[in-house]
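User: Hi, I'm new to this one. Could you put it up and talk me through it?
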Amino acid sequence: MIEIKNLHKNFGRIKAIKNINLSLKQGEIITLLGPNGAGKTTFMRLLTGFIFPDSGEIKILNQNIEHNRIEALSHIGYVPENSPLYGDMTVFEYLKFIAKLHHLNDSVFIERCQNIIKTFSLSEVINQKIETLSKGFRHRVAISAALLSKPKILILDEPTEGLDPNQKHELREFIKTYGKNNLVIVSTHIMEEVEALSTRVILINKGKIIKDTTTDELKALSPSGSIDEAFRNITSNRSHQ
Amino acid sequence: MIYQTFTIFQKELSGYFKTPLAYFLISAYILISMFSTFYLGAFFVLNNTELFSFFFFQNDIFALLIPALTMRLWAEERRSGTMELLLTQPISYTSVVLGKFFSAWIFCFMLLCTTIPFWIFINIIYQLDNINILSSYIGCFLISGVFCAIGCCISAFNKGLVVAYICTLFLSLIISTVNFDFLIGQFNLSDDVSIRIIQSLNFSKHYNDMTGGQVGFDNIIYYFSMIALPLWLNILTIEYKKN
């Protein structure tokens with residue numbers, strides 16, 4: 001679904017992404033794991049065409065993100081870090097706005113909106129202004145909007161940040177279900193999340209992929225069998241090198 | 001593309017009325033316009049069959065108020081992080097830029113419409129040259145479009161609202177007041193074509209033509225070019241910032 005070749009991105013003299021090559025397939029739930037400043041958000045911004053690479057290419061369902069940006073983005077649902085939303089809109093107005101940008105007609109929108117309201121329990125806040133919502137609800141609204149177009153690729157940047165344990169559990173269950181037939185990419189630095197979700201773990205540090213593996217293989221890399229320890233071993237080794 | 005431009009336009013225009021900004025601007029526009037018409041413009045002293053006292057100050061009033069309208073268009077998106085959300089939707093940058101621009105321009109149209117009762121009222125008292133006044137209204141609408149386009153473009157460069165306001169105000173005033181006639185003397189131009197080209201660059205010349213009742217194809221082309229250039233720069237700015 002996503003093919004990435006020789007991806008490089010610099011910000012001035014800082015090399016944010018260095019030579020990334022990846023092939024991401026349908027049915028995978030991929031967690032991008034890495035310390036703060038590793039390049040996870042930059043990588044996601046490159047995948048969603050928010051920024052363009054200095055060299056290399058990204059193909060989303062055979063569409064080059066730079067040359068066919070609109071076509072490529074029609075397959076992607078993206079929730080950026082901290083779920084930015086238009087606070088002056090009500091939840092319904094916001095969902096309608098996103099639906100219009102995706103050319104969904106009214107009947108399709110209403111049908112999908114009803115499903116989403118049910119799935120994410122938004123009925124009590126549907127006519128409420130977004131700026132008055134709690135962080136948990138804001139997250140749900142952001143994810144709901146990303147799902148309106150039924151994207152084949154769902155990209156979530158630190159989706160459980162600030163959620164309570166119940167909300168985290170619900171969201172993870174949803175991601176697992178959605179990931180069965182689609183591609184889900186989740187950026188996180190929470191190990192518990194990696195274990196709960198991933199079918200594939202990609203470890204990024206200093207803009208490079210340092211491990212592309214499964215949760216079990218990652219666990220096997222530490223004597224105690226913990227992902228947390230394996231992560232610390234790998235990233236600290238790399239930073240010493 | 002038109003549908004998505006309209007979607008952005010609707011969102012932005014309704015956004016103005018969700019904050020006190022729209023109501024403040026409408027009130028400020030009416031107050032300043034009426035003050036400048038009757039007090040500064042000596043409305044009852046001058047011959048006002050073309051509402052000269054009213055249209056004389058519109059250029060400056062728009063230069064003062066439009067930056068407040070456009071400063072938030074991109075700066076707010078940048079500040080709140082919604083720019084990432086908006087630009088990762090399957091829409092062209094042209095649609096986003098045009099949607100934002102038209103929302104500001106149509107708001108200016110609404111501002112102008114608030115003065116129509118004044119026009120009607122004065123019509124009852126005096127014998128007015130209504131064709132001329134209509135031409136002046138079109139001129140006002142076009143100059144507001146130029147200032148809106150400049151404001152959109154400046155807002156795309158800046159994160160801060162105040163900086164965006166000051167830069168737009170400054171640039172709008174320069175563009176509306178600069179007179180290129182000095183170039184004629186500077187380069188000792190004597191042929192008619194060169195002089196006409198130089199004079200046609202003056203913003204005020206086109207506005208004066210329109211308040212004088214000449215809508216003219218050349219005036220419309222001039223204003224639309226002045227609108228298109230900042231909008232094109234706005235699109236380029238967004239693309240540049242991606243790289």
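User: Which residue is the bridge partner of Leu203(A) in β10(A)?
Analyst: The bridge partner of Leu203(A) in β10(A) is Lys211(A). Helices (H or I, at least four residues) and strands (E, at least two) are DSSP runs, numbered from the N terminus. This is a predicted model, where local features need pLDDT of at least 70 and side-chain atom pairs count only at pLDDT 80 or more, while totals for chains, interfaces and linings use all residues. Residues are numbered from 1 along each chain as its sequence is written, and chains are lettered from A and ligands numbered from 1 in the order in which they are written.

User: And how many bridges do β9 and β10 of chain A pair over?
Analyst: Five bridges, in the antiparallel sense, join strand β9 (residues 200-205) and strand β10 (residues 208-213) of chain A. Two strands pair if DSSP finds at least two bridges between them. Two residues lie between the strands in this hairpin, and Lys206(A) takes a positive phi near 50 degrees.

User: What order do the strands take in the open sheet of chain A?
Analyst: The order is β2-β1-β4-β5 in chain A, four strands with antiparallel pairing. Its edge strands are β2 (14-24) and β5 (63-64) of chain A, each pairing on one side only. Strand β4 (residues 55-60) of chain A pairs with β5(A) over two bridges. Lys59(A) has Asn64(A) as its bridge partner in β5(A).

User: Zooming out, how many helices and strands are there in chain A?
Analyst: Chain A has nine helices and ten strands. Its radius of gyration is 18 Å, close to the 18 Å that the globule rule gives for 241 residues, so chain A is as compact as a globular protein of that length. That radius is taken over C-alpha atoms, and the rule is 2.2 Å times the number of residues to the power 0.38.

User: Now chain B. How many helices and strands are there?
Analyst: Chain B has 14 helices and zero strands. With 243 residues, a compact globule would have a radius of gyration near 18 Å, and the 19 Å of chain B agrees.

User: Is Leu65(B) buried or exposed?
Analyst: Leu65(B) is buried, because 21 other C-beta atoms lie within 10 Å. The cut-offs are 20 or more other C-beta atoms within 10 Å for buried, 12 or fewer for exposed, and partly exposed in between, with C-beta atoms placed from the backbone. Leu65(B) sits in helix α4 (residues 58-70) of chain B.

User: What does Leu65(B) touch?
Analyst: Leaving out residues up to four places away in sequence, Leu65(B) touches Leu25(B), Ala28(B) and Tyr29(B). Two residues are in contact if their C-beta atoms, placed from the backbone, lie within 7 Å.

User: Last one: how many residues of chain B are in contact with chain A?
Analyst: 18 residues of chain B are in contact with 19 residues of chain A. On the chain B side, α1 (2-17) and α6 (82-87) are the elements that give two or more residues.
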